[in-house]
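Trainee: I am new to this structure. Please take me through a close look at one part, the place where the two chains meet.

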Amino acid sequence: MAQLTWTRFAHPWSGETWDAFEGLRRGVDELFARAGHEGLFRSAHGVHPPVNLYENADGFVLTAELPGLKLEEIELAVHGNRLSIRGERKISYPDDGRTSLHRRERQVGRFRRAVELPAAIDSEKVEASYRNGVLLVKLPKSAAHRPRRIEVQAQ
Amino acid sequence: MTNQSTTTHEGSATPELRSREKQALERETTRGGPVFRADVDIVERADEYLVTADLPGVESNDVQVRLEGGVLSIETTRGFVPEPGWTPVYSEYVSGGFYREFRLSDQIDVGRISAKMHDGVLELHLPKAEQHRTRRIEVTS
């Protein structure tokens with residue numbers, strides 16, 4: 001009997017071509033995601049921080065770029081399906097008369113942001129982490145909203 | 001010990017932070033993907049320049065700082081990458097790499113440049129070469 005073996009390279013779209021297709025697929029996904037939430041996207045304009053929301057097997061993952069903070073300095077609260085993020089970014093340089101500021105682009109100030117999630121969240125299980133200036137909040141859906149798998153047993 | 005005051009951005013009242021659109025740069029990269037202009041602060045002190053750059057999502061290993069012909073460049077090779085099982089629901093910003101370059105007017109003591117990353121912020125100390133330092137001359141009575 002002939003044996004068929006799959007190797008990584010057997011795929012006609014392996015390597016670069018495949019990556020290009022994968023990139024295209026992701027781009028299209030993102031475009032649709034954006035179009036579907038245009039209302040939210042527009043209302044959020046200018047409000048800090050901009051966020052990205054992903055869906056995974058457990059629920060949602062929210063990310064936001066907040067460089068130069070500590071997790072303790074970011075206040076997070078969940079009420080139903082609403083997540084709020086608050087904090088303040090402070091930057092100061094000593095004003096000793098011998099320091100001159102050539103450029104100041106990094107923004108400072110208070111921020112407050114609320115994000116409406118598409119489904120109810122299990123607030124007990126929300127986990128936040130902060131790494132390399134990116135806030136990452138894992139928001140598992142509440143049990144009632146999670147798809148249940150029903151095992152079908154063979155007789 | 002002298003009493004050191006600090007400057008705040010816009011007077012004493014804390015401003016509301018408004019997000020700005022990240023500025024994408026037209027830059028060819030080997031890895032593809034967008035490259036953004038990093039926001040920086042540049043402070044000059046008597047003996048050094050302090051360059052601080054916001055590079056959210058970047059690991060310290062993925063930052064390249066170069067000083068060539070008086071041009072300082074900051075480049076990241078890899079930024080935040082979402083996990084494979086995450087499907088975007090909506091996105092308000094794009095993750096990517098960062099780039100920035102500056103021409104330095106003073107000579108820098110290249111051997112003593114130091115850089116460190118913390119919480120997505122690069123802090124670069126560029127000591128001025130000895131002959132370019134501001135000297136304080138003590139006036140004695």
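Mentor: Start with one pair of side chains. E105(A) and R100(B) meet in a salt bridge, N to O at 2.7 Å. This is a predicted model, so the distance is a computed one. The rule behind that label asks for a side-chain nitrogen of Lys or Arg within 4 Å of a carboxyl oxygen of Asp or Glu, and therefore this pair qualifies.

Now step back to the whole interface. Nine salt bridges are found across the interface of chain B and chain A. Residue pairs in polar contact between chain B and chain A number 26, with both partners at pLDDT 80 or more.

Which elements of chain B face chain A? Those giving two or more residues to the touching side are β1 (5-6), β4 (40-44), β5 (48-54), β8 (87-91) and β9 (97-103) of chain B. Sort that side of chain B by class. There are 23 nonpolar, 14 polar and 16 charged residues.

Next, the extent. On chain B, 53 residues are in contact with 61 residues of chain A. The size of an interface is often given as the accessible area lost when the parts come together. Here chain B and chain A bury about 5,600 Å² between them. Of that area, 51% lies on carbon and sulfur atoms.

Look at β6 of chain A, residues 100-104. Four bridges join β6 of chain A to β4(B), and the two run antiparallel. To find the spot on screen, pick R103(A): I42(B) in β4(B) stands opposite.

For context, look within chain A. Strands β3, β4 and β7 of chain A form an open sheet in the order β3-β4-β7, with antiparallel pairing. Its edge strands are β3 (75-79) and β7 (109-116) of chain A, each pairing on one side only. Neighbouring strands of this sheet are turned by 10° against each other on average, direction ignored. Eight bridges join β4 (residues 82-89) of chain A to β7(A). In that pairing, S84(A) stands opposite A114(A).

Finish with salt bridges again. Over all chains, the structure holds 18. One of them joins K141(A) to E55(A), with the closest N and O atoms 2.7 Å apart. That pair links distant parts of the chain, 86 residues apart. K141(A) sits in the segment after β9 (134-140) of chain A, while E55(A) belongs to strand β1 (residues 51-55) of chain A.

Definitions and conventions:
Residues are numbered from 1 along each chain as its sequence is written. Chains are lettered from A and ligands numbered from 1 in the order in which they are written. This is a predicted model: local features need pLDDT of at least 70, side-chain atom pairs count only at pLDDT 80 or more; totals for chains, interfaces and linings use all residues. Side-chain values use heavy atoms; hydrogens and water are left out. Contact means heavy atoms within 4.5 Å. Buried area is the accessible area (1.4 Å probe) that two parts lose on being put together, summed over both. A polar contact is a pair of N or O atoms within 3.5 Å; within protein, one must be able to donate a hydrogen and the other to accept it, and residues adjacent in sequence count only if both atoms are side-chain atoms. Ala, Val, Leu, Ile, Met, Phe, Trp, Tyr, Cys and Pro count as nonpolar, Asp, Glu, Lys and Arg as charged, and the others, Gly among them, as polar. Two strands pair if DSSP finds at least two bridges between them. Axes are lines fitted to C-alpha atoms, for helices over the stretch in contact, and angles run from 0 to 180 degrees between N-to-C directions.
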